[in-house]
Amino acid sequence: MILELLVSAAVALGAASPSPKIEEGIKNFTPSQEELAARQRFGENRLGIFIHWGVYSMLGRGEWVMDTERIPFSDYSMLPGGFYPSKFNAAEWVSAIKGTGAKYITITSRHHDGFSMFATKQSPYNIVDATPFGRDVLKELADECQKQGITHNFYYSLIDWGREDYPFGRDGNKLGKDPQKADFAHYLDFMCAQITELLTNYGPIGCIWFDGDWDRFPKPAPGEETKVDFDWGYERIYTLIHKLQPGCLVANNHHRINIPGEDVQLFERDVPGEDTAGYSRTSYISDSLPLETCQTMNKSWGFDIKDHKFKTGQEIIRTIIRTAGRNANLLLNIGPQPDGQIPATSLERFKEMGAWMQANGETIYATHPVMKPQPWGVTTAKDGKIWLHVMEYPEGGVITLPMKLKAKTATVYGGGQALKVKKTKDSFTVTLPESIDCSLDYIIEIR
Ligand code: GLC
């Protein structure tokens, strides 16, 4: 039945035949020791910076502009000819990012618009061959990351609005694509060849971060109820990654339960367990894989010239805390300008984050929560210490941990003021002063 549906949908789309099966990842996949160690390290990082940068930044209306404004490839592809980010300086980017306390960078190597921001032999549509700038910015960044000791990861889009061989896409028609020219097998070869380049020419890479999986569900035709699924070729892609760099993690922003071969569970614009943005297709939270939430600093991923709705330092820092308190990393995004500069407001926020992480990072890195998030805030713990991150004054001024603890004391983090503690055989209660400043995060250390 499913097969029939797939075949008829493929025929209806006029596309070259996709492999008729629902993807399952690598069967019987057993992660290597190197991969397990990389997962562990990744989960300890707690903070990374996401970078959405491409030729779309020139239009200043986000990374989706080609699609939302229905710009056909023949027009959109004029952009690279004018792309000259004269102020791009990898060393400055990496040191500004490092200053936030972030342990890794994840940058768009190729977004849905199909433009490669790196030197690729697989298509001339790339930053070295198609722009007057002619520099491999990802190579400069990767080298700089190595030099400054921070992990370098690549975002990689599964979708391609430009290539003729990219078969489907909910939006293929809007962009004037000819479905007759679709050739998924050819496209998959192209992706694998690019991934090979990314994992061969840029030193050790921490993670390949896929995006766009949802595009495999073409919009059902009017009256048609079933969405059609097709195989992205994950088995081949994931096997290739694990073979080329066994310490490189695979992440996929598909908003579903992970499949074999993947190493990280991703959450978009929400901390694990919440779904305010409506992207989560599952409420399941993995207890064996590291977790990561990606979030924007303003509203947009790619540079948007009119978007000044930047989150405040307080909001960002609290997001770091709320994410860590849910056992997850925060991947916080910036959208650099077409001239290669990081927006000034982003740099200001970086400084605020850095100052806070410098003072309180111990309570964030490599920690794990000891209980579910509470109305007053969250917990983090490591090395025999528990930290209560109080962001709302608790009811009655007391916080009770429903667990037996060896710990004897509770003190205000950094200041050292001792707080009243009451222990029973299965609980630990701290009484807070009547008035505290928890407008950002009032941290109590239990040990
Ligand atoms: C969405 C968007 C994409 C963005 C990504 C980041 O999937 O399609 O533009 O890169 O989210 O998480």
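A helix and its surroundings

Guide: In helix H8, the residues Phe184, Tyr187, Leu188, Phe190, Met191, Cys192, Gln194, Ile195, Glu197 and Leu198 are buried. Buried means under 20% relative accessible area, exposed means over 50%, and partly exposed lies in between, with a 1.4 Å probe and protein chains only. Helices (H or I, at least four residues) and strands (E, at least two) are DSSP runs, numbered from the N terminus.

The model is predicted, so local features need pLDDT of at least 70 and side-chain atom pairs pLDDT 80 or more, while totals for chains, interfaces and linings use all residues. Residues are numbered from 1 along each chain as its sequence is written, and side-chain values use heavy atoms, without hydrogens and water.

H8 covers residues 184-198, and its 15 residues should span 21 Å at 1.5 Å a residue; the end C-alpha atoms are 21 Å apart, so the two values agree. The expected span is 1.5 Å times one less than the number of residues. An α-helix has 3.6 residues a turn, so residues three or four places apart point the same way.

What covers the buried residues of H8? The cover includes strands S2 (104-110), S3 (151-157) and S4 (207-211), together with helix H9 (234-244). Contact here means heavy atoms within 4.5 Å.

Apart from its neighbours within four places in sequence, Asn153 is in contact with Tyr104, Ile105, Thr106, Ile107, Ile205, Gly206 and Cys207. A polar atom of the Asn153 side chain lies 3.0 Å from the backbone nitrogen of Cys207. A polar contact is a pair of N or O atoms within 3.5 Å; within protein, one must be able to donate a hydrogen and the other to accept it, and residues adjacent in sequence count only if both atoms are side-chain atoms.

The loop between S3 and H8 holds Gln180. Gln180 counts as exposed, because its relative accessibility is 61%.

Next comes the ligand. There are 14 residues around the ligand, and His52, Glu63, His111, Asp211 and Glu268 come nearest; a residue is near a molecule or strand if one of its heavy atoms lies within 4 Å of it. Polar side-chain atoms lie 2.5 Å from a ligand oxygen atom for His52 and 2.9 Å for Glu268. For His111, an N or O atom in the side chain is 2.8 Å from an oxygen atom of the ligand.

S10 pairs with S9 (residues 377-382) in the antiparallel sense over six bridges; two strands pair if DSSP finds at least two bridges between them. Five bridges also join S10 to S15 (residues 442-446), again running antiparallel.
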